[in-house]
Amino acid sequence: MTDETPPPRPVRDSQSEMAEIVLPNDANPLAALLGGRLMHWIDLAGAMAAHRHSRNYVVTASVDHIDFLFPVRVGALVILRSSVNRVFSTSMEVGVKVFVEDYLADTAHHVASAYLTFVAVDKDGKRLKVAPIIPETDEQRCRKTARHPPLRTDKAR
(Lines give C-alpha, C1' and ligand atoms only; values in the text may rest on other atoms or scores of the structure.)
Protein backbone atom coordinates (compact mmCIF):
# COMPACT_ATOMS: atom_id res chain seq x y z
CA MET A 1 0.00 0.00 0.00
CA THR A 2 1.31 3.43 -0.87
CA ASP A 3 1.68 5.89 1.99
CA GLU A 4 0.51 8.91 -0.02
CA THR A 5 -3.06 10.00 0.58
CA PRO A 6 -4.56 11.71 -2.47
CA PRO A 7 -5.91 15.25 -2.03
CA PRO A 8 -9.52 15.58 -0.79
CA ARG A 9 -12.35 15.44 -3.34
CA PRO A 10 -15.91 16.75 -3.13
CA VAL A 11 -18.76 14.27 -2.71
CA ARG A 12 -20.27 15.54 -5.98
CA ASP A 13 -17.39 13.93 -7.89
CA SER A 14 -18.59 10.50 -6.77
CA GLN A 15 -22.31 10.99 -7.39
CA SER A 16 -23.60 8.44 -9.89
CA GLU A 17 -26.91 7.44 -11.35
CA MET A 18 -28.00 4.41 -13.31
CA ALA A 19 -31.35 3.29 -14.66
CA GLU A 20 -32.81 -0.15 -15.29
CA ILE A 21 -36.17 -1.32 -16.59
CA VAL A 22 -37.62 -4.31 -14.74
CA LEU A 23 -38.16 -7.08 -17.29
CA PRO A 24 -40.02 -10.37 -16.73
CA ASN A 25 -36.68 -12.18 -16.38
CA ASP A 26 -35.87 -9.90 -13.39
CA ALA A 27 -39.05 -10.84 -11.51
CA ASN A 28 -40.50 -13.55 -9.31
CA PRO A 29 -43.84 -15.34 -10.02
CA LEU A 30 -45.68 -12.39 -8.41
CA ALA A 31 -44.24 -10.02 -11.08
CA ALA A 32 -42.10 -8.26 -8.45
CA LEU A 33 -38.41 -7.51 -8.89
CA LEU A 34 -36.19 -10.19 -7.35
CA GLY A 35 -34.32 -8.91 -4.29
CA GLY A 36 -31.10 -10.47 -5.57
CA ARG A 37 -31.37 -8.63 -8.89
CA LEU A 38 -31.89 -5.34 -7.06
CA MET A 39 -28.90 -6.14 -4.84
CA HIS A 40 -26.81 -6.71 -7.99
CA TRP A 41 -27.87 -3.32 -9.37
CA ILE A 42 -27.13 -1.68 -6.00
CA ASP A 43 -23.63 -3.19 -6.01
CA LEU A 44 -23.01 -1.84 -9.53
CA ALA A 45 -24.31 1.64 -8.65
CA GLY A 46 -22.21 1.69 -5.48
CA ALA A 47 -19.10 0.59 -7.36
CA MET A 48 -19.60 3.42 -9.86
CA ALA A 49 -19.50 6.00 -7.05
CA ALA A 50 -16.47 4.32 -5.42
CA HIS A 51 -14.63 4.20 -8.77
CA ARG A 52 -15.36 7.86 -9.41
CA HIS A 53 -14.14 8.93 -5.99
CA SER A 54 -11.04 6.76 -5.77
CA ARG A 55 -10.18 6.87 -9.48
CA ASN A 56 -9.03 3.27 -9.07
CA TYR A 57 -10.35 -0.23 -9.20
CA VAL A 58 -12.59 -1.10 -6.27
CA VAL A 59 -13.87 -4.31 -4.73
CA THR A 60 -16.95 -4.81 -2.59
CA ALA A 61 -15.90 -5.49 0.99
CA SER A 62 -19.35 -5.67 2.54
CA VAL A 63 -22.99 -4.78 2.26
CA ASP A 64 -23.46 -3.03 5.56
CA HIS A 65 -27.20 -2.46 5.40
CA ILE A 66 -30.08 -2.78 2.94
CA ASP A 67 -33.76 -1.92 3.27
CA PHE A 68 -36.40 -3.06 0.79
CA LEU A 69 -39.25 -0.63 1.40
CA PHE A 70 -41.75 -1.43 -1.37
CA PRO A 71 -42.07 -4.04 -4.11
CA VAL A 72 -41.03 -3.05 -7.62
CA ARG A 73 -43.14 -4.38 -10.49
CA VAL A 74 -42.32 -5.58 -13.99
CA GLY A 75 -42.15 -2.64 -16.37
CA ALA A 76 -40.99 -0.18 -13.71
CA LEU A 77 -38.15 2.25 -14.40
CA VAL A 78 -35.68 1.87 -11.51
CA ILE A 79 -33.28 4.74 -10.78
CA LEU A 80 -30.28 4.07 -8.52
CA ARG A 81 -28.41 7.07 -7.09
CA SER A 82 -25.14 6.61 -5.26
CA SER A 83 -22.38 8.64 -3.66
CA VAL A 84 -19.51 8.17 -1.26
CA ASN A 85 -20.61 8.98 2.31
CA ARG A 86 -17.41 8.44 4.26
CA VAL A 87 -13.81 7.58 3.57
CA PHE A 88 -11.39 5.66 5.74
CA SER A 89 -7.80 4.83 4.88
CA THR A 90 -8.37 2.48 1.93
CA SER A 91 -12.11 1.98 2.11
CA MET A 92 -15.24 3.98 1.36
CA GLU A 93 -18.80 3.76 2.62
CA VAL A 94 -21.19 4.30 -0.28
CA GLY A 95 -24.89 5.03 0.05
CA VAL A 96 -27.33 3.93 -2.65
CA LYS A 97 -30.93 5.14 -2.84
CA VAL A 98 -33.30 3.36 -5.19
CA PHE A 99 -36.36 4.98 -6.74
CA VAL A 100 -39.12 3.85 -9.07
CA GLU A 101 -39.81 6.62 -11.53
CA ASP A 102 -43.25 7.09 -13.01
CA TYR A 103 -42.26 8.78 -16.25
CA LEU A 104 -45.89 9.45 -17.20
CA ALA A 105 -46.67 11.31 -13.96
CA ASP A 106 -43.10 12.68 -13.60
CA THR A 107 -42.80 11.36 -10.03
CA ALA A 108 -40.34 9.13 -8.19
CA HIS A 109 -40.98 6.84 -5.22
CA HIS A 110 -38.18 5.76 -2.84
CA VAL A 111 -38.23 1.93 -2.73
CA ALA A 112 -34.88 0.84 -1.23
CA SER A 113 -31.67 2.07 0.42
CA ALA A 114 -28.33 0.43 1.01
CA TYR A 115 -24.91 1.08 2.51
CA LEU A 116 -21.89 -0.75 1.12
CA THR A 117 -18.16 -0.68 1.79
CA PHE A 118 -15.68 -0.72 -1.09
CA VAL A 119 -11.89 -0.99 -0.96
CA ALA A 120 -9.66 0.69 -3.55
CA VAL A 121 -7.11 -1.67 -5.11
CA ASP A 122 -4.52 -1.63 -7.87
CA LYS A 123 -4.47 -4.11 -10.79
CA ASP A 124 -2.76 -6.66 -8.54
CA GLY A 125 -5.37 -6.36 -5.77
CA LYS A 126 -3.10 -4.34 -3.45
CA ARG A 127 -4.97 -1.82 -1.29
CA LEU A 128 -4.62 1.87 -2.15
CA LYS A 129 -5.15 4.98 -0.05
CA VAL A 130 -8.34 6.88 -0.80
CA ALA A 131 -8.80 10.65 -0.89
CA PRO A 132 -10.83 12.16 1.96
CA ILE A 133 -14.24 13.54 1.00
CA ILE A 134 -15.41 17.12 1.17
CA PRO A 135 -19.14 17.32 1.93
CA GLU A 136 -20.67 20.49 0.48
CA THR A 137 -24.32 20.28 1.55
CA ASP A 138 -26.12 19.65 4.84
CA GLU A 139 -27.33 16.29 3.51
CA GLN A 140 -23.77 15.27 2.59
CA ARG A 141 -22.48 16.33 6.02
CA CYS A 142 -25.27 14.32 7.65
CA ARG A 143 -24.45 11.24 5.54
CA LYS A 144 -20.77 11.55 6.47
CA THR A 145 -21.72 11.02 10.12
CA ALA A 146 -24.49 8.45 9.51
CA ARG A 147 -24.99 5.57 11.92
CA HIS A 148 -23.95 2.91 9.42
CA PRO A 149 -20.26 2.21 10.08
CA PRO A 150 -18.66 -0.37 7.81
CA LEU A 151 -18.61 -3.87 9.23
CA ARG A 152 -15.07 -4.46 7.98
CA THR A 153 -12.07 -2.31 8.64
CA ASP A 154 -9.13 -1.67 6.36
CA LYS A 155 -7.20 -4.24 8.41
CA ALA A 156 -9.72 -6.97 7.55
CA ARG A 157 -8.34 -7.37 4.01
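Colleague: Which residue of β6 does V59 stand opposite?

Modeller: V59 stands opposite V119 in β6. The model is a predicted one, in which local features need pLDDT of at least 70 and side-chain atom pairs count only at pLDDT 80 or more, while totals for chains, interfaces and linings use all residues. Residues are numbered from 1 along each chain as its sequence is written, and side-chain values use heavy atoms, with hydrogens and water left out.

Colleague: What makes β3 and β6 a pair of strands?

Modeller: Strands are DSSP runs of E with at least two residues, helices are runs of H or I with at least four, and both are numbered from the N terminus. Two strands pair if DSSP finds at least two bridges between them; 10 bridges join β3 to β6, so these antiparallel strands meet the definition.

Colleague: How do you know that β5 pairs with β4 and with β6?

Modeller: Strand β5 (residues 91-102) pairs with β4 (residues 77-87) in the antiparallel sense over 10 bridges, with M92 as the bridge partner of V87. Towards β6, 12 bridges join the antiparallel strands, and G95 stands opposite Y115 there.

Colleague: Why are β2 and β3 called edge strands?

Modeller: The open sheet of five antiparallel strands has the order β2-β4-β5-β6-β3. Both β2 (16-21) and β3 (57-68) are edge strands, as each pairs on one side only. Neighbouring strands are turned by 25° against each other on average, direction ignored, where axes are lines fitted to C-alpha atoms, for helices over the stretch in contact, and angles run from 0 to 180 degrees between N-to-C directions.

Colleague: Why is β6 described as largely enclosed by the rest of the structure?

Modeller: Buried means under 20% relative accessible area, with exposed over 50% and partly exposed in between, using a 1.4 Å probe and protein chains only. In β6, 11 of the 15 residues are buried, so this strand is largely enclosed by the rest of the structure.

Colleague: What makes a set of residues a nonpolar core, and which members touch the most others in the largest one?

Modeller: Such a core is a set of buried Ala, Val, Leu, Ile, Met, Phe, Trp, Tyr and Cys residues joined through side-chain atoms within 4.5 Å. Of the 31 residues in the largest core, L80 and V98 touch the most other members. Two or more residues come from each of α1, β4, β5 and β6, and α1 gives the most, with seven residues.
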